[in-house]
Amino acid sequence: MLLSRLDKVRRTGQDRWIACCPAHGDKHPSLSIRELEDGRVLVHCFSHGCSVNDIVSAVGLELSDLFPPRPISDHFKKGERRPFVGADVLQAMQHEAVVIMMSGNAIVNGSFSENDRLRCLLAVSRFNAGLDAAGISP
């Protein structure tokens, strides 16, 4: 769908093309297009670094047109969650633990502000969300 709306399209490899970028009036092909095995389409403007939104808008498409349609049944599978990578959850929790520790230091030093209190509450909330993502009740 995207390729048919571009100028000077040339195949550069299996599932890879180059074309003129429609977002900035390209004279020479600078837009790289790649279709992944799952049907997603990746685009990158090497000339001006145009955003994907600008590129698809320039040819009358939307960002969602670069992704394969999902069957309706996929949206409603019960009990299925995309798990977070454990290391990412732990890293985020470590950051929030540091914020909580710094808040404790500010309390001890008598410099705990209203902004500090709000950030500490957010940190506790995020820490608890991390526990929830790990399947642990706070």
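Figure 1. Glutamate 114 pairs with arginine 117 in a salt bridge, with 2.8 Å between the closest N and O atoms; the term denotes a side-chain nitrogen of Lys or Arg within 4 Å of a carboxyl oxygen of Asp or Glu. The model is predicted: local features need pLDDT of at least 70 and side-chain atom pairs count only at pLDDT 80 or more, while totals for chains, interfaces and linings use all residues. Residues are numbered from 1 along each chain as its sequence is written, and side-chain values use heavy atoms, with hydrogens and water left out. Both partners belong to helix α4, 3 residues apart, about one turn of the helix. Helices (H or I, at least four residues) and strands (E, at least two) are DSSP runs, numbered from the N terminus. Glutamate 114 is partly exposed at a relative accessible area of 46%, and arginine 117 is also partly exposed, at 35%. Here buried means under 20% relative accessible area, exposed over 50%, and partly exposed in between (1.4 Å probe, protein chains only).

Figure 2. The side chains of glutamate 96 and arginine 119 meet in a salt bridge, at 2.9 Å from N to O. This pair links distant parts of the chain, with glutamate 96 in helix α3 and arginine 119 in helix α4, 23 residues apart. Glutamate 96 is buried, with a relative accessible area of 5%, whereas arginine 119 is partly exposed at 26%. A network of salt bridges links Glu96, Arg119 and Arg126. Side chains of opposite charge can pair when their charged atoms come close.

**Figure 3. The salt bridge of aspartate 38 and arginine 40.** The closest N and O atoms of aspartate 38 and arginine 40 are 2.7 Å apart in this salt bridge. Aspartate 38 has a relative accessible area of 44% and is partly exposed; arginine 40, at 34%, is partly exposed as well. The whole structure contains 4 salt bridges.

Figure 4. Helix α3 covers residues 86-109. Its 24 residues should span 34 Å at 1.5 Å a residue, and the end C-alpha atoms lie 35 Å apart, which agrees; the expected span is 1.5 Å times one less than the number of residues. Val89, Met93, Glu96, Val99, Ser103 and Ala106 are buried in this helix, and their cover includes α4 (114-133). Just after α3, glycine 110 adopts a positive phi of about 75°.

Figure 5. Serine 103, a residue of helix α3, is buried at a relative accessible area of 7%. Contact means heavy atoms within 4.5 Å. With neighbours within four places in sequence left aside, serine 103 is in contact with Phe112, Asp116 and Cys120. Isoleucine 100 also lies in helix α3 but is partly exposed, at 29% relative accessibility. Under the exclusion of neighbours within four places in sequence, isoleucine 100 is in contact with Ala123 and Val124. Isoleucine 100 and leucine 122 are 22 residues apart in sequence, and their C-alpha atoms are 9.5 Å apart in space.

**Figure 6. A nonpolar surface patch.** Val98, Met101 and Met102 form a nonpolar patch on the surface, with about 290 Å² of accessible area together. Patches are made of residues with over 30% relative accessible area and no salt bridge, like charges being joined within 9 Å and nonpolar side chains (Val, Leu, Ile, Met, Phe, Trp, Tyr) within 5 Å. Accessible areas come from the Shrake-Rupley method with a 1.4 Å probe, and for residues only the protein chains shown count as cover. The protein exposes about 10100 Å², of which carbon and sulfur atoms supply 55%.

Figure 7. A search of the whole structure finds 0 disulfides, a disulfide being a pair of cysteine sulfur atoms within 2.5 Å. The closest cysteine sulfur to that of cysteine 20 belongs to cysteine 21, and at 8.8 Å this is too far for a bond. Cysteine 21 is in no disulfide, its nearest cysteine sulfur being that of cysteine 50, 3.8 Å away. Cysteine 20 is buried at a relative accessible area of 6%, and cysteine 21 is buried at 2%.
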